[in-house]
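Q: I'd like to learn how to read the features of a model like this one. Could you walk me through it?

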Amino acid sequence: KVVDAETLLVKRAPEDHPEHGPLERNVALLRDLATPSGGRYRILRIDCAPYGSMDMSRWGGEGEEELLPAYTNSLRLNGAVYVPLYDGPADAAALATYREAFPDCEVRGYVFDGWKPFDALHCRARALRAAP
C-alpha cells in the first residue's frame, strides 16, 4: 500500500506461511527501488496473523491454506483510511499500524465475513459507480 511518495506499507506473513517467502523477496526488491526523489523507500510492515482457513483449490491453489487478512487492501478517501478487518487476533494491531502510517487521516476498520483471501475494501469500492 502506498502511504506517500517515500513510504510503502507491506504485509508480513508468519514465517511458516506459504506467503512468507514471496512477500520477503518482494520487500527485498522494493528496498532497492528508488523513490521519485531518488532516495530509498521507507517500508512499514503490517503483521497478518491467520484468521481462518480455506480450500484454495477453488481459487487455483492446492488444498487447505491458512488465510491471512488483506489489511493492505484498504481504501484511502477524503481524509480517511478504511481498513478491512477480519474479526481476528491481528485486527487491533493492524489499526494501530495504520494510525501510525497515516497520522493525518481518520482510520476506520470494517468487519465483513465475506472478504475473500485476495480482496477487500479497495478492490470492491473501486468498482462502484454513481447511478445516472
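A: Let's begin with pairing: two strands pair if DSSP finds at least two bridges between them. Helices (H or I, at least four residues) and strands (E, at least two) are DSSP runs, numbered from the N terminus. As an example of residues facing each other, Pro84 stands opposite Tyr110 in β8. The chain gets from β7 to β8 through helix α2 (residues 91-101), and this β-α-β crossover is right-handed. Right-handed here means that, with the strands pointing away from the viewer, the path from the first strand over the helix to the second runs clockwise.

Q: What should I know about the model and its numbering before going on?

A: This is a predicted model, where local features need pLDDT of at least 70 and side-chain atom pairs count only at pLDDT 80 or more, while totals for chains, interfaces and linings use all residues. Residues are numbered from 1 along each chain as its sequence is written, and side-chain values use heavy atoms, with hydrogens and water left out.

Q: In what order do the strands of the open sheet come?

A: The order is β6-β7-β8, three strands with mixed pairing. β6 (75-77) and β8 (106-111) are the edges: each has a single partner strand, so one side of each is left without a neighbour in the sheet. From one strand to the next the twist averages 25 degrees; axes for this are lines fitted to C-alpha atoms, for helices over the stretch in contact, and angles run from 0 to 180 degrees between N-to-C directions.

Q: Do β7 and β8 run parallel or antiparallel?

A: Parallel, joined by six bridges. β6 and β7 (residues 80-85), by contrast, pair in the antiparallel sense over three bridges. Within that pair, Arg76 has Val81 as its bridge partner, and Leu77 stands opposite Ala80. The two strands form a hairpin with two residues between them, and Asn78 in the turn has a positive phi of about 50 degrees.

Q: Which way do the side chains of β7 point?

A: In a regular strand the side chains alternate between the two faces of the sheet. Here Ala80, Tyr82 and Pro84 point one way from β7, with Val81, Val83 and Leu85 pointing the other way. Six of the six residues of β7 are buried, so this strand is largely enclosed by the rest of the structure. Buried means under 20% relative accessible area, exposed over 50%, and partly exposed in between (1.4 Å probe, protein chains only).

Q: Where is His17 found?

A: Look in the loop between β2 (7-12) and α1 (20-32). His17 is buried, at 5% relative accessible area. A polar atom of its side chain lies 2.7 Å from the backbone oxygen of Glu66.

Q: How many disulfides are there?

A: The count is zero, taking a disulfide as a pair of cysteine sulfur atoms within 2.5 Å. Cys48 counts as buried at 2% relative accessibility, and Cys105 does too, at 16%.

How values were computed: A polar contact is a pair of N or O atoms within 3.5 Å; within protein, one must be able to donate a hydrogen and the other to accept it, and residues adjacent in sequence count only if both atoms are side-chain atoms.
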